[in-house]
Amino acid sequence: MTLGEGMRTLRSGVLLLGLLAGVVAWADVDLPSKFDNRNSIANTRHNLTQRQASGGPSGAIMDPYRNDYAEVCVYCHTPHGANTNVALPLWNRTVTATSYTTYAALGTSSLTQPVTQPGPNSLACLSCHDGQVGVDSVINMPGSGGYSAAQATSQNNTFLNAWNNASGPDATVHVGLNATPAAGCLACHSAGAGVVGAGATDFAAFVIGSDLRNDHPVGVLYPTTGPGIDFNAAGATRTGMRWFDTNGNGRPDTREVRLYDSGEGFEVECATCHDPHGVPSGGSGSLFNPSFLRLPNAASALCLTCHTK
Ligand code: HEC
Ligand code: HEC
Ligand code: HEC
Ligand code: HEC
Ligand code: HEC
C-alpha cells in the first residue's frame, strides 16, 4: 500500500465513521464561493477544476474523488472523438440510457401539453445533475491517448483511473452529483456531512435526480399560440430551434429563451432557461445572471417570457 492509498483508506474510514455517527458538529458553514461569476465559464461553478484553496478547508481533499483535468471545456466538450449518440455540440460526456419520471406523472389537472422523456438539451445537464455518472466521466481526456469510445454509454473507472492529477493524489473513485450522501459529491457537499466534508459548500439543491416530478416540466411541447391560450409566441425559427428574438438580429443569442425540436415539436428543455456557460447580466462589470439563467428572473421576467400571467 502506498502512502497515497493509505491516506485514501483512512479518509474513507473517517468518512464512514462520520456518517455512521450522524455527526452534526461539523455542519456546513457555506463558505462564500471563490467563483466571481464574471466574464467566462472559467469563473463559474461549471469550471470543475476549481476549488477553495484558501480561506477555508482545502479543496485538495477532493482529488481522490474526481479527475482534475486542468481544463474547463473538457468536462463537457472534445474537439475530436465526441459522443454521436446524442445531438449535442462535440459532447465529451457519458450519456447512459435512463428512464426519467416526467412531470406528467405528478398528474396535475391543469397540465394540457404532452410531456415526453427529456430531449438532448436536457440530457446534457442530466449527464451530471441526475447523479448517474461521475462528473469526470468523459470519452476523450486531454492529451494524446486517453480515449475510449465505450465511454459514450457507460462509465468505466479503469479507463478513468489512467488520468494522473497534477494537483494532488490520483482519483480512484469517480463520483457524481449523487443524492445518496454516502456515495457521491454530497458525501462532503451536504449539510452535516461529517468531519471530512467540514465546511464544504452544500450542493443538495443542485441534485436534480431522475425523478423530474418536482421540476419545471422539460420535454414538454410548447403550445401553439392563439386566442384563449396564455402563452407568448416565440417568433424566430431555424432548424431544430425556435426562440424569443428580443434584439431582432435573427440569431439565437445566449440571453434569449429557446425551444428545441428533437423530433417531437418545439419543447421546453433545461437549456431553454439556462446557458451552462453563464450569461452576462448586461450591467456594469458584466456579472453573470444567477443560476446560469438566460434572463435574470427579477420580477419573474424569465417566467413571463412564456407565460401570459
Ligand atoms: C472528501 C470531501 C469532498 C468530496 C467527495 C468532494 N468535495 Fe468538493 N470540496 C471539498 C472541500 C472541503 C472544499 C473546499 C470548501 C468549499 O469551497 O466548499 C471543496 C470545494 C469544491 C468546489 C469549490 C467551491 C467554491 O465555490 O469555491 C467545487 C466546485 C467542488 N468542491 C466540486 C466538487 C464536485 C463536483 C465533487 C464530486 C465530483 C466534489 N466536489 C466532491 C470537499 C469535497
Ligand atoms: C458543464 C458543461 C459545459 C462546459 C464545461 C462547457 N460547455 Fe459548451 N455547451 C454545453 C452545453 C450543454 C451546450 C449545448 C447548449 C444548448 O443546449 O443549447 C454547449 C454548447 C456549446 C457551444 C455551441 C454554441 C452554443 O453556445 O450553444 C459552444 C461553441 C461551446 N459550448 C463552447 C464551449 C467552450 C469553448 C467551453 C470551455 C471554455 C465550454 N463550452 C464549456 C455545456 C458545457
Ligand atoms: C460536467 C458536469 C455538469 C454538467 C454537464 C452540467 N452541470 Fe450544472 N453543475 C455541475 C456541478 C458539479 C455543480 C455544482 C457544484 C459546483 O461546481 O459548485 C453545478 C451547478 C449548477 C447550477 C448552480 C449554480 C449556482 O451557482 O448556484 C446550475 C443552475 C446548473 N449547474 C445548471 C446546469 C444546467 C442547466 C446544465 C445543462 C445546460 C448543467 N448544469 C450541466 C455539473 C454539471
Ligand atoms: C422554465 C425554466 C427552467 C427550466 C426548464 C429549468 N430550470 Fe433550472 N432553474 C430555473 C430557475 C428560474 C432557477 C433559479 C431558482 C432559484 O433562484 O431558486 C433554476 C435553478 C436551477 C438549479 C439550481 C438550484 C437552486 O435551487 O439553486 C439547478 C441545478 C437547475 N436549475 C438545473 C436545471 C436542470 C438540470 C434542468 C432540466 C432538467 C432545469 N434546471 C430546467 C429555471 C428553469
Ligand atoms: C420557455 C417557456 C417557459 C418558461 C420560460 C417557463 N415556462 Fe412554465 N411552462 C411552460 C410550458 C410549455 C408548460 C406546460 C403548460 C401546459 O401543459 O399547460 C409550463 C408549465 C408550467 C406550470 C404548470 C404545470 C401544470 O401542472 O399545469 C407552472 C406552474 C409553470 N410552468 C411555472 C413557471 C414558472 C414559475 C416559470 C419561471 C420560473 C416558468 N414556468 C417558465 C413554458 C415555460
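What you're looking at is a predicted model, in which local features need pLDDT of at least 70, side-chain atom pairs count only at pLDDT 80 or more, and totals for chains, interfaces and linings use all residues. Residues are numbered from 1 along each chain as its sequence is written, chains are lettered from A and ligands numbered from 1 in the order in which they are written, and side-chain values use heavy atoms, with hydrogens and water left out.

Let's start with ligand 3. Its iron atom is coordinated by His46 (NE2) and His129 (NE2), at 2.0 Å; donors here are N, O and S atoms within 2.8 Å of the metal (3.2 Å for Na, K and Ca), and sites may look incomplete since water is not among the atoms. The six donor atoms make angles of 87 to 179 degrees, and the site is octahedral (six donors, with opposite ones over 155 degrees apart and all others between 65 and 115). His46 sits in the loop between α1 (3-21) and α2 (120-129) while His129 belongs to helix α2, so the pair ties together parts that are 83 residues apart in sequence. Helices, by the way, are DSSP runs (H or I, at least four residues), numbered from the N terminus. His46 is partly exposed at 26% relative accessibility, and so is His129 at 21%; buried means under 20% relative accessible area, exposed over 50%, and partly exposed in between (1.4 Å probe, protein chains only).

Now for ligand 2. His77 (NE2) and His277 (NE2) are the protein donors of its iron atom, 2.0 Å from it. Angles of 85 to 179 degrees among the six donor atoms make this arrangement octahedral. His77 is in the loop between α1 and α2, and His277 in the loop between α4 (270-273) and α5 (301-306), so these two tie together parts that are 200 residues apart in sequence. His77 is partly exposed, at 26%, and His277 is partly exposed too, at 39%.

Ligand 1 has 24 residues around it, the closest being Met62, Cys185, Cys188, His189 and Thr201 (a residue counts if one of its heavy atoms lies within 4 Å). A polar side-chain atom of His189 is 2.8 Å from a nitrogen atom of ligand 1, and one of Thr201 is 2.7 Å from an oxygen atom of ligand 1.

Last stop: Thr305, in helix α5. Thr305 counts as buried, at 15% relative accessibility.

Terms used. Four donors count as tetrahedral if all angles lie between 85 and 135 degrees; four count as square planar and six as octahedral if opposite donors are over 155 degrees apart and all others between 65 and 115; anything else is irregular. A polar contact is a pair of N or O atoms within 3.5 Å; within protein, one must be able to donate a hydrogen and the other to accept it, and residues adjacent in sequence count only if both atoms are side-chain atoms.
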